[in-house]
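Me: Can you walk me through some local geometry and packing in this model? I'd like the cut-offs spelled out as we go.

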Amino acid sequence: MHQTPVGELRALLAAGAIPATTPIHHREDVVVPSPAGGVPVRIYRPSGDVGLPVVQWMHSGGFAVGGLDQNEEYLRKLSIAAGVVLVSVDYRLAPENPYPAALDDCRSVWEWIKSWPGDLGTADVDRVALAGESAGGTLVFTLSQQLRDRGLPLPTAQVCLYGTGTMRITNPEHETVLLSPDDCHWFWDMYVPDRAARDSPYVDPGAAADLSGLPRAFVATAEIDPTRDGTEEYAYRLRAAGVPVELRRYEGMMHGFATMTAALAPAGDLFERIVDFLTRVLSPAVWMTE
């Protein structure tokens, strides 16, 4: 990917988006107010039921590509299967908008959700999880830390699909066309051109000295991933800090496999595990006892 111009890579991703075929009760695009001029989001409602929990989703793409259309079919199915109102975030992309633009946008959406806006109708904004894939998974980790540090309301849970737990290559032997070590450095250089800023835990989650008090987590990793061990190390550190963590590595799978549920059986298994996790941790009975 690092040998392809960003604009061309974005066009290729858009052209390859899987058309949505799963009907859903309601879907709408809105713009969340923010200091930077607004953050586009797409809201999925699986039914007209009252009191559904909420999931804020951050897409993949190395902080430089991707948008609301890339996971359309997957997110419809996730909303329906987990019984959640799902809010997909179209955060600003690098290199035009480097760090902290993406994180700021995700926090603006989080604060909007917690304000119980009319666009969310009767959703239960006390039961909200953060979820994301790859770069979006890293944003799950960094946003959770920033919310804790600022004393803001925390998510009930965090779901990370092979988002890097540390900004370094830990498995250079695992290179694929979907992600190589050179790709990682290319994306990181666009997202955080200021090398000094990479010492911040809001860029590199593993840079945090203290991981206590963070939300329970579901972390999935792929065996064939140049950042795998660093992410698993972050999950182990969460556990050591007293955070309940469910960690699962998918052997034989490569970075980027999670949304390929129509082609890969392990992706289907991961989908079911995410649904089970969200159903358990966002249930009223669990939430009210904690």
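Me: Which helix holds Glu 232?
Reply: This is a predicted model, where local features need pLDDT of at least 70, side-chain atom pairs count only at pLDDT 80 or more, and totals for chains, interfaces and linings use all residues. Residues are numbered from 1 along each chain as its sequence is written, and side-chain values use heavy atoms, with hydrogens and water left out. Helices here are DSSP runs of H or I with at least four residues, strands are E runs of at least two, and both are numbered from the N terminus. On that numbering, Glu 232 sits in residues 228-240, which is helix 6.

Me: Is Glu 232 buried or exposed?
Reply: Buried means under 20% relative accessible area, exposed means over 50%, and partly exposed is in between (1.4 Å probe, protein chains only). Glu 232 has a relative accessible area of 6%, so the label is buried.

Me: Which side chain makes a polar contact with the side chain of Glu 232?
Reply: A polar contact is a pair of N or O atoms within 3.5 Å; within protein, one must be able to donate a hydrogen and the other to accept it, and residues adjacent in sequence count only if both atoms are side-chain atoms. Contact in general means heavy atoms within 4.5 Å, and not counting residues up to four places away in sequence, Glu 232 touches Thr 221, Leu 247 and Arg 249. The polar partner, at 2.8 Å, is the side chain of Arg 249.

Me: What backbone atom does the side chain of Gln 70 reach?
Reply: Gln 70 is in the loop between strand 3 (54-58) and helix 2, and counts as buried because its relative accessibility is 17%. Its side chain makes a polar contact with the side chain of Ser 60 at 3.0 Å. At 2.9 Å, the side chain of Gln 70 also reaches the backbone nitrogen of Gly 67.

Me: What is phi of Phe 63, roughly?
Reply: Most residues other than glycine have a negative phi, and most peptide bonds are trans. Phe 63 is in the loop between strand 3 and helix 2, and is buried, with a relative accessible area of 4%. Its phi is positive, near 70 degrees.

Me: And which loop residue has a positive phi of about 40 degrees although it is not a glycine?
Reply: Look in the loop between strand 6 (157-161) and helix 5.

Me: Where is the cis peptide bond with omega near 15 degrees?
Reply: A cis bond joins Ala 94 and Pro 95, but there omega is about 5 degrees. Pro 95 lies in the loop between strand 4 (85-89) and helix 3, and Pro 100 is likewise found in the loop between strand 4 and helix 3. The bond with omega near 15 degrees runs from Tyr 99 to Pro 100.

Me: How far apart in space are Leu 86 and Pro 46?
Reply: Leu 86 is in strand 4 and is buried, with a relative accessible area of 0%. Leaving aside neighbours within four places in sequence, its contacts include Val 55, Trp 57 and Leu 75. Leu 86 and Pro 46 are 40 residues apart in sequence, and C-alpha to C-alpha the distance is 8.7 Å.

Me: Which helices do the buried residues of helix 5 pack against?
Reply: Helix 5 (residues 181-191) is mostly covered, with eight of its eleven residues buried. Among them are Trp 186, Phe 187 and Trp 188. The packing partners are helix 1 (6-15), helix 3 (101-114) and helix 4 (135-149).
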